[in-house]
Amino acid sequence: MTEELPNIRIPTVASMREASPYIRLHRGETFVVYFDGDQINGAVLDGLVQDLILLRGLGIKLVVVHGARDQINSRLQDSNIEQEFVGNLRITRIDALPHVKDAVSSVRIELEARLSQAALDVPGRGSALTVAGGNFIIARPAGVVNGVDLHFTGIVRRIDRAAIERRLNDGEIVLISPLGYSPTGEVFNLNSLDLATSVAIELRAAKMILMMESPGLVDRDNIVVRELNPRDAREFVAANQVGGLFLDSAIRACQLGVNRVHLVDQTVDGVLLAELFTRDGAGTLVSNTPFEQFRLATIEDVGGVLALIEPLEQEGILVKRSREKLEIEIGHFSVLLREDTVIACGALYPFPNAIGELACIAVHPDYRRHGFGNIVLQALERRARDAGLEEVFVLTTHASHWFQQNGFLRADIQGLPIERQAMYNFQRNSLVLRKRL
Ligand SMILES: CC(C)(COP(=O)(O)OP(=O)(O)OC[C@H]1O[C@@H](n2cnc3c(N)ncnc32)[C@H](O)[C@@H]1OP(=O)(O)O)[C@@H](O)C(=O)NCCC(=O)NCCS
């Protein structure tokens with residue numbers, strides 16, 4: 001009888017490898033995750049709770065802010081209390097307040113129970129993961145809006161940042177419910193999305209993740225917009241008449257110090273992990289920094305560049321560079337980043353007589369044939385021109401046609417600077433190409 005092979009799922013291995021730079025990147029960062037109360041009854045709650053525990057396990061400081069809209073609606077309905085709104089703000093009269101407290105508490109208790117269960121399911125776990133709560137949110141009445149008194153609907157007055165951070169530093173998940181307390185001892189019903197945004201801003205969170213009922217920001221042609229900066233986001237809303245409160249929150253958070261806001265589809269199982277640990281994400285990113293960023297490399301980029309070029313070195317496509325050599329030469333390199341991961345790179349080495357060598361141009365295999373190689377090449381040529389160079393050359397074994405398509409011409413070794421000729425590796429037998437700038 002043949003023995004069954006162990007069940008190694010290659011896509012999982014690949015996913016873990018893809019995730020590993022993000023795991024390192026996110027460790028120790030503070031994320032605020034928001035979802036409304038309807039998630040409690042949703043089919044993906046189990047997966048979501050497991051993913052939250054996983055994020056915590058990966059060293060992310062996690063603040064979860066929940067809403068309770070559905071639960072409040074149904075309790076008010078059951079008690080025949082009329083639901084009144086001014087804009088998106090609910091009017092919370094004194095007779096509604098006990099139902100609001102009841103609804104919010106029930107969601108909170110359910111979430112605490114699920115988080116406790118999921119934490120206990122982790123194999124080899126030493127001590128239980130604690131979910132922290134408390135009087136972190138000081139509120140005040142929203143007051144009279146457009147002539148209408150909102151009674152016990154409140155807005156955030158102050159957030160006890162130090163207390164939240166203490167809990168996060170102790171490794172606890174902070175769960176924040178949409179109720180706030182006033183210094184006069186009253187309880188206020190808060191808009192949960194607004195609360196999550198205020199918390200993310202106050203904590204200077206690295207990320208705020210808003211779970212919503214659509215796959216991110218969708219344009220008129222039903223295509224998900226992958227990335228926007230706050231200014232483009234405003235223009236997008238005006239042009240497409242979509243976006244609403246989620247986008248408003250994202251823009252506000254970005255403008256007030258939260259670098260990245262992710263809008264993701266709450267109905268998709270695993271959406272948090274897909275958004276945070278894959279190169280392409282799973283929703284819309286509203287970010288102050290451009291999605292693709294081309295800049296000079298620093299010593300911090302050595303690991304990212306090595307990860308990109310080592311497989312090509314092993315295939316003999318690029319010349320082998322040790323980490324030490326790369327550390328010395330990193331000042332010559334430029335990198336193209338997507339979400340802080342190096343997806344392409346290239347180097348420029350100036351020689352006397354206004355000539356420079358372009359080297360080590362590489363694009364991650366997942367991103368080839370999207371014009372990134374061209375972006376890198378053009379940017380390096382621009383740098384060469386800015387540095388006063390009049391001509392560039394390249395030595396290549398596998399990409400001569402690509403360079404030719406980009407305006408390079410075949411040349412002789414004798415045309416290279418003398419110093420470079422002396423270093424020419426005849427065994428590699430690279431082709432020489434030149435381009436006047
Ligand atoms: C060469 C390289 C940088 C191009 O990156 P890229 O982002 O795919 O390039 P672009 O999107 O700008 O251009 C894509 C076009 O170039 C073509 N192309 C890509 N690599 C090529 C190569 N080695 N030879 C000939 N053509 C090539 C593609 O087929 C595509 O053309 P098509 O769409 O008409 O079929 C990338 O393939 C790479 O990293 N290769 C391995 C490293 C290497 O050889 N570097 C050069 C030595 S310094």
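Q: Why is Asn353 called exposed?
A: Asn353 has 10 C-beta neighbours inside 10 Å, so it counts as exposed. Before we go on, this is a predicted model, where local features need pLDDT of at least 70 and side-chain atom pairs count only at pLDDT 80 or more, while totals for chains, interfaces and linings use all residues. Residues are numbered from 1 along each chain as its sequence is written.

Q: Where is Asn353, and what is its phi?
A: You'll find Asn353 in the loop between strand S21 (341-351) and strand S22 (355-363); helices (H or I, at least four residues) and strands (E, at least two) are DSSP runs, numbered from the N terminus. Asn353 is not a glycine, yet its phi is positive, about 65°.

Q: What makes Arg204 exposed?
A: Arg204 has 12 C-beta neighbours inside 10 Å, and exposed takes in 12 or fewer. Therefore Arg204 counts as exposed. Arg204 sits in the loop between helix H6 (192-202) and strand S13 (207-212), and its phi is positive too, near 50°.

Q: Why does Arg420 count as partly exposed?
A: Arg420, in helix H14 (residues 418-423), has 17 C-beta neighbours inside 10 Å, so it counts as partly exposed.

Q: Which residues is Arg420 in contact with, leaving aside its neighbours within four places in sequence?
A: Those would be Phe351 and Glu357; in contact means that the C-beta atoms, placed from the backbone, lie within 7 Å. Arg420 and Phe351 are 69 residues apart in sequence, with 8.6 Å from C-alpha to C-alpha.

Q: How do you know which elements supply the shell around the ligand?
A: A residue is near a molecule if its C-beta atom, placed from the backbone, lies within 6 Å of it. S22, helix H12 (372-386), strand S23 (391-396) and helix H13 (400-405) each supply at least two residues of the shell, and S22 gives the most, with five. Of the 20 residues around the ligand, Arg368, Gly373, Asn374, Ala399 and His401 come nearest.

Q: What domains does the chain have, and how far apart are their C-alpha centres?
A: The assignment gives domain 1 (10-289) and domain 2 (293-436), with bounds that come from an automatic or database domain assignment. Their C-alpha centres lie 44 Å apart.

Conventions. Buried ≥ 20, exposed ≤ 12 C-beta atoms within 10 Å, placed from the backbone. Contact = placed C-beta atoms within 7 Å.
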